[in-house]
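Morning, everyone. Please have a look at the structure on the screen, and I'll walk you through a few parts of it.

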Amino acid sequence: MSNKQSELEKLGWNERFERLAALQGESIETVARVAAVDRDQLLLLNDTGTFRAKLSGSYLHHHRRPEELPCVGDWVCVEKGLNDDFGLIHTVLDRRTSLCRKAVGGVNESQMIAANIDYVIVVQSCHYDFNLNRLERYLVMIMEGGATPCVLLTKTDLVEPDVLTAQLSQIRAAGITAPVLPLSNMTGEGIDELKRNLLPGMTYCFVGSSGVGKSTIINELIGGGSLETQGLSATGEGKHTTVRRELILLGNGALVIDNPGMREFGIIGVENGIGRSFVDIEALASSCRYRDCTHTSEPGCAVLDALSAGEVDEEHYKNYTKLKAESEFYQMSYAEKRKKDRDFGKYIKSVKNDLRGE
Ligand SMILES: Nc1nc2c(ncn2[C@@H]2O[C@H](COP(=O)(O)OP(=O)(O)OP(=O)(O)O)[C@@H](O)[C@H]2O)c(=O)[nH]1
Ligand SMILES: [Zn+2]
């Protein structure tokens, strides 16, 4: 393996991207990872360090949809002469995973937040913030983007052990098998285990409501020794701006993406369960000919009838079927997860023991 290659692997590069680049006739010499995006300016990272870049005119001309523009975590191919201030990006390699904020239930809006994340860590505080429905919505959206979810329950120092135990059993009863780690930034419980679980070359991000402790955790992780977290100053149009780097390489080799959009990820529509925001469609569904009607092609479907009569908005209908498909996909994995119940039971027991200090 070339030196260049092993340096890039520290930034999350792997064989899959290698093949993608080769397919597009790109040499490994041109690749870099997006560390931040600031309007038309990007901060890139490769084996030589951090540098600035812009999208080539041709790329902009051929890629107009918002999701085609590079976001933090993307791998791009870039041309930069020794004396150039900016590199010119001409290719964005296909994303392996993505985190996309989107609306469900009527509003048509979506925003690419980050790309090529391996693990998304959903942070909820077990003190007031805990909400199973919200957790499920986060997990669905994460899995839809292809990343692996994990859950952190923070502020365990603020609740009685039985409150935490009840929350863990609620999570288990909902069929969620993502790893759940109770943690306290105050007592330090769970911090070491979290650190042990962050693997070199893997990309992580933390999502969750404001105030649950994400900054405190990330600061703790960075405090453990981070390489180059500062941004890069750039002079453009007479202004001097600093672009804050959002892709952070931790001392242990793991990568963390920390950006404001990410923190609010999923906020749009996340509280809307199917029953609430799609009551109109659910009501129609009760008059469908078949009880298990999927409202996509069946004869005698009251929803499709209402759609063609213009009584139900097309976009609203699309969102409904989409969310329904997602939750069915999610339900499917429930069955498999049941099998793991026994293991989870053991886990709960060990957590209880930990809490008792055994
Ligand atoms: N008791 C207790 N307080 C905590 C814990 N973790 C964080 N806090 C406190 O909770 C408050 C919010 O923590 P932050 O880390 O800023 O939360 P955040 O999730 O980053 O919030 P945003 O930056 O708004 O997204 C701060 O006052 C922290 O000191 C914890 O485990 N236990
Ligand atoms: Zn139907």
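Let's start with a strand pair. Strand β1, residues 31-38, pairs with strand β4, residues 75-79. The sense is antiparallel, and the pairing covers three bridges. Within this pair, A32 stands opposite V76 of β4. Keep in mind that this is a predicted model.

Now the whole sheet. What does it form? A closed barrel of five strands, in the order β1-β2-β3-β5-β4, with mixed pairing. Neighbouring strands of this sheet are turned by 55° against each other on average, ignoring direction. As a reminder, strands of a sheet pair through backbone hydrogen bonds, either parallel or antiparallel.

Next, helix α5, residues 161-173. The helix has 13 residues. From first C-alpha to last, α5 reaches 18 Å, close to the 18 Å expected at 1.5 Å a residue. Which residues of α5 are buried? L164, Q167, L168 and I171. Seen down the axis of α5, these buried residues fall within an arc of 100°, so they line one face of the helix. The general rule: an α-helix has 3.6 residues a turn, so residues three or four places apart point the same way. On the face of α5 turned away from the buried side sit the exposed residues D162 and A173. After α5 comes G175, with a positive phi near 85°.

Last, ligand 1. There are 15 residues around it. Which come nearest? S210, G213, K214, S215 and T216. Helix α7, residues 214-223, gives the most to this shell, with three residues.

Conventions:
Residues are numbered from 1 along each chain as its sequence is written. Chains are lettered from A and ligands numbered from 1 in the order in which they are written. This is a predicted model: local features need pLDDT of at least 70, side-chain atom pairs count only at pLDDT 80 or more; totals for chains, interfaces and linings use all residues. Two strands pair if DSSP finds at least two bridges between them. Helices (H or I, at least four residues) and strands (E, at least two) are DSSP runs, numbered from the N terminus. Axes are lines fitted to C-alpha atoms, for helices over the stretch in contact, and angles run from 0 to 180 degrees between N-to-C directions. A residue is near a molecule or strand if its C-beta atom, placed from the backbone, lies within 6 Å of it. The expected span of a helix is 1.5 Å times one less than its number of residues. A residue is buried if 20 or more other C-beta atoms lie within 10 Å of its own, exposed if 12 or fewer, and partly exposed in between; C-beta atoms are placed from the backbone. The arc is that of the directions from the helix axis to the C-beta atoms.
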